[in-house]
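Hello,

Here is the structure I promised to pass on to you. Have a look at it first, and then read my notes below.

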Amino acid sequence: MNGNDFTFVLDGENIPFEPGQTIMEAATQAGVYIPHLCYHEEYRPRGSCKLCTVKINGHFGTACTMPVQPGMQVDNDTDELTAMRRRVVQMLFVEGNHYCPFCEKSGNCQLQAVAYHVGMQDSHYPHFYPLRNVDASHPDMLLDRDRCIQCELCVRASRETDGKAVFGLSGRGTRTQLVVNSESGLLGDSDFSITDFAARICPTGALIPKREGYPLPIGARLYDAKDIARVGHRQPSSKAAGEK
Amino acid sequence: MHEHLETASDITGLSRVVIEPVSRVEGHGKVTLLLDDERRVRQARLHIVEFRGFERFIQGRPFREVPTLVQRLCGICPVSHLLAASKACDPFVLGNARITPTAEKLRRLLHHGQVLQSNALHFFHLASPDLLFGFDDAVAHRNVIGVLADHKELGLRGIRIRKYGQEVIRHLTGKRVHGTGSAPGGFLKPLSAPERDAMLRDIDQIVDWCVASNALARDNYLANEAEFRGFGESESAFMSLVSRDGAAELYDGVLRVKNAAGEIIVDNHDPARYLDLIREEVKPWSYMKFPYLAPFGHDAGYYRVGPLARINNADFMPTPLAEAARREFVDYGGGKPVQAALAQHWARMIDTLMCAETIRELLDDPELLGSDLMAQPSEPAREGVGVIEAPRGTLIHHYKIADDETISYANLIVSTTHNNRGMNDSVRAVADKYFDGREISEGLLNRIEVAIRAYDPCLSCATHALGQMPLIIEALNPDGSLQSRLLRHDDGRIAQE
Ligand code: SF4
Ligand code: SF4
Ligand code: FES
Ligand code: FES
């Protein structure tokens, strides 16, 4: 194959791609970070968080859903897009209840890391302070809906990888909540297990193992020293056990 | 002691003076004075807005989050809250078992760093200007900048001692303020030899400076003894933790109470049973409760906490230089607890010296570098109490958890609450003595401020970095109309309106 036929332009650089790849996949393969939250390479993209919005031949589109075409002009790292992404992240923050200072995920949280990356300094929008339940019924896992951004990664992982369908989204608009598939609606009554892949996939502190506490000291956490763009694309894989 | 001034028997015909810090931060204080027709003080009250929202906020949160969460209660002594909550939550993991020796030593080191830095902040930044320049010194000069200008060496030392305490905290928790480190069941982060060595490098110097600072506080008090002894005077019992053998103790131990006559009236009291000892009275005019010692009733049960209580109560200090300093203090007291509000500064520097020496001892302990940080979980309890001596005195955290390990009950008594009555009493004593009946003077404002500050109350969190409490005093006529107003901005400017 002649490599020249399968390249596109990302922020002025020629990037090779394989036919059928999305912009996100091709960029990731080339080591370019495009901010994202609801995307995971093992699942069909949802395109719901809009964080990966890029400019494609002058039009906005989501990098995780858009297949690359040869010669496409894609802007990713621009002031305009960063400003837009900042608004998206701010909305995610005010829609939930995020208290990073005592969140166990702090420093290892993708949402927080992306917020730093796009230069978020405040919430900008008024906080919704939604009433959401903490579900601590499971012996090994904690579900804190306050921190759920409804990315549906756990939904997809449970259904497609674990073959269980423990999670789902229910309700509309700001009332949307992550629900658990069990008689009582409690995680402890579902067949969810800490060894499920869904237990490792949450990009925020919404679904976290119990009894872990703050496992890494401040300074040693994933995003302490390096911006998420430099840490790069890091996702747990269903094949490799234990990676966070 | 000045209880008769808490509530005037008849308030008709009394005019009101309000002294209020103009502050945006929670935890600010306000003083109201009610005057009669002869313009004598008939009623004096200090109101502090206490921030109690945390007790409700943490309901339903998983207990493992709680220590890291509640340290946000305070920007000055967060480590004390982190540790009191860790201790209270240890039984949720360990039942009756103890944390590992290394974890306990790391927590101790962390706590002594906290008390060192907080005491140094208070003494050098907030109190030393009053003490060095006198209460009537110009406000623009009576601050830490003034200290640095006139007593450069001393001011810089204070800054370095405080910074050392902050470095201890940073090494152990990852941050100078609001890090993570201690957790239910033990400690999260081992200490490395290079980190330990970095702390060892300066500790001898810090101990020396603390010796000198104690001498300064002592000499300052004794030189002004005639004036200081009766300033904001109040007579109370004292409560603090002591170790089982009677030594001063900041991290763990048993509760002791000594009365004004110097008799130990409560000893070896299990901190977990604090509710048998302390009752909190609610007064309609104050948001902050008034605790007293239940077994002795409302009057005899009046007590204070803090460095003064710690030094008065201890049979000895656990370290030699601090013990020598304590003996001088005890000699001055002549066998009875020292009561003077301003002696708290002296006591605080003995306390600080003990912190520095204890840090040095801990740093020499090889067990500090151990890697066994989390004890093996065992049959967990559902209720826990953690009591610690925070910089400002005894701090109590009490939690219960539900089946799913979320918090179902929380009760916190912070140090400043114990001293609510003491501060009120001192304010009344000052108002009684220094209000000339004619005009709210700057001198009165300053003295009330100095009396409150001697207790190093939480509202010092709310004061300006330069140590100026922005204050308003208002004199109101009996009909509520404004008679006169004295206002001091946080930059020290005075405005008479
Ligand atoms: S989930 Fe992430 S963003 Fe939300 S509180 Fe935790 S660390 Fe902060
Ligand atoms: S729990 Fe986590 S993974 Fe699941 S939808 Fe919420 S944020 Fe996404
Ligand atoms: S990552 Fe593309 S829309 Fe969420
Ligand atoms: S609670 Fe920390 S200074 Fe008041």
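**What I found**

B:Phe57 is partly exposed, with a relative accessible area of 35%. This residue sits in helix H1 (residues 53-57) of chain B, and together with A:Tyr99 and A:Tyr129 it makes a nonpolar surface patch of about 310 Å². Please keep in mind that this is a predicted model.

- A:Lys55 and A:Glu80 meet through their side chains at 3.0 Å, N to O. A:Lys55 is in strand S3 (residues 53-56) of chain A and A:Glu80 in helix H2 (residues 79-95) of chain A, 25 residues apart. A:Lys55 counts as buried at 19% relative accessibility, while A:Glu80 is partly exposed at 39%.
- A:Arg221 and A:Asp224 pair at 2.9 Å, N to O. A:Arg221 is buried, at 17%, and A:Asp224 is partly exposed, at 29%.
- B:Arg98 and B:Asp252 form a salt bridge at 3.3 Å, N to O. B:Arg98 lies in the loop between helices H3 and H4 of chain B and B:Asp252 in the loop between strands S6 and S7, so the pair ties together parts 154 residues apart in sequence. Both belong to a network of salt bridges that also includes B:Lys87, B:Glu104, B:Arg108 and B:Glu249.

Finally, in chain B, helix H6 (residues 152-173) packs against helix H7 (residues 193-223) at an angle of about 140°, with the axes 10 Å apart. The contact includes B:Tyr164 of H6(B) and B:Trp209 of H7(B).

Best wishes

Conventions
Residues numbered from 1 in each chain as written. Chains lettered and ligands numbered in written order. Predicted model: local features only at pLDDT ≥ 70, side-chain atom pairs only at ≥ 80, totals over all residues. Heavy atoms only, no water. Patch = residues over 30% accessible without salt bridge, like charges linked within 9 Å, V, L, I, M, F, W, Y side chains within 5 Å. Areas by Shrake-Rupley, 256 points an atom, 1.4 Å probe, with all protein chains shown as cover. Salt bridge = Lys/Arg side-chain N within 4 Å of Asp/Glu carboxyl O. Helix = DSSP H or I, 4+ residues; strand = E, 2+ residues; numbered from the N terminus. Buried < 20%, exposed > 50% of the residue type's maximum accessible area, 1.4 Å probe, protein only. Axes fitted to C-alpha atoms, helices over the stretch in contact; angles between N-to-C directions. Contact = heavy atoms within 4.5 Å.
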